[in-house]
Amino acid sequence: MTSSEAASQRIPPFMSLGSARADATGSIGTRMVSHTSNQPKRVDQTANFHVSRETSPTGRATSEDDFDDSSPIASQLANETKRRERLLGRRLPRPRRTRILTVANQKGGVGKTTTTVNIAAALASAGLQVLVIDIDPQGNASTALGVPHHAEIDSIYDVLINDFTLADVVAKCPDIENLYCAPATIHLAGAEIELVSLVAREQRLRRAIDEYVRHREENGEERLDFIFIDCPPSLGLLTVNAFCAANEVMIPIQCEYYALEGLSQLLKNIEMIQKHLNSDLVVSTILLTMYDGRTNLAAHVAADVREHFPNQVLRALIPRSVRISEAPSYQQTVMTYDPSSTGALSYLEAAAEIAER
């Protein structure tokens, strides 16, 4: 058997802490994901896997009894089990009004898109109504959510430039109930130039979101609880539109030195937006990503960020994870690709913190 044939026949275990059906307050429960072709899709409440392939040396689910309880792996498994037990049965409150969060950092490769789609998926799995707006021309968030975004698709570009409504372009995520996406296409690459000559160029996304919220209300659709805007790694007009549309900023920070250098410049730009365009904007959330507990550098960066932003930094840390990196190649988030993984557990914890703030 060739390696490609072996890969196509691999069937991973799936366990989710999300709820297949939840009431208005949202609840984190347990569910099983089945799949067609090579992609896990729907949910069935019949499995009890406790270990990800990520932490299993044999590539299959393994119980704690298979290890000496004094080993590092057994210690890690015991810790993850306790973390999962704290999440099971926890009810996530609905916000009093729609929370709009822009996920931004002008430094690339810090986990903006990964954070956006996985936090959104975790909240939607708990029964909350969530919309992801992808304004990155690369369209990576659209890919991860399984939403088509080729050049012929109506997209957020048409909303910003051609005065389409968000209702015209929003699509449902095929894997997760209550999760929606306004996709990005390659046309966004030229939108920065086209926006320059338009009236109220900084406010176009905000107006589109306000209109979409009214549209849902008028048509008897359930109110959105969260809107996440995934930004490109730059501070151009697309990102400015995102800042003007949101009332909160979430900043993913990679646990490396260069990430700290870029943070100060980002905060200066946010201050300018607050002063001139959106006085309601606040930096509400900072999430530490790609954390490697084996290195002193990661610990020092995390300590420095927590010292300077004690109220904004989440307790949850997102570790370096193979499963998180693999999920987009299957057009999924890690929440459906391998929900028993350490990465999925960490994003569930982060989502719960955000919802309870």
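So, helix α8 passes helix α9 in a right-handed crossing, and this is a predicted model, by the way. In α8, the residues making the contact are R204, L205, R206 and I209. On the α9 side we have N241, A242, C244 and A245. If you sort the residues of that contact by class, five are nonpolar, one is polar and two are charged.

Now the geometry of that pair. Helix α8 covers residues 204–218, helix α9 covers residues 237–245, and their axes come within 7 Å and cross at roughly 45°. That angle makes α8 oblique to α9.

Helix α3, residues 112–125, packs with helix α14, residues 342–356, at an angle of about 70°, and the axes are 9 Å apart. Angles of 65 to 115 degrees count as roughly perpendicular, so α3 is roughly perpendicular to α14.

Which residues in α3 meet α14? They are T114, T115, N118, I119, A122 and L123. Their partners in α14 are Y347, L348, A350, A351, I354 and A355. By class, the contact of α3 with α14 has nine nonpolar residues, three polar ones and no charged ones.

Last topic, friends: cavities. How many of 30 Å³ or more does a search of the whole structure find? The search finds one. The largest cavity has a volume of about 30 Å³. Lining the largest cavity are A144, L145, C173, D175, I176, L179, Q332, T333 and T336. That lining divides into five nonpolar residues, three polar and one charged.

Thanks, everyone, and happy to take questions!

Conventions:
Residues numbered from 1 in each chain as written. Predicted model: local features only at pLDDT ≥ 70, side-chain atom pairs only at ≥ 80, totals over all residues. Heavy atoms only, no water. Axes fitted to C-alpha atoms, helices over the stretch in contact; angles between N-to-C directions. Helix = DSSP H or I, 4+ residues; strand = E, 2+ residues; numbered from the N terminus. Parallel < 35°, antiparallel > 145°, perpendicular 65-115°, else oblique. Left-handed = near helix turned anticlockwise from the far one by under 90°. Contact = heavy atoms within 4.5 Å. Nonpolar A, V, L, I, M, F, W, Y, C, P; charged D, E, K, R; others polar. 1 Å grid on protein atoms, 1.4 Å probe; cavity = no way out; pocket = protein on both sides within 12 Å on 5 of 7 lines; lining within 4 Å. Points joined across faces, edges and corners; volume = space filled by probe spheres on them.
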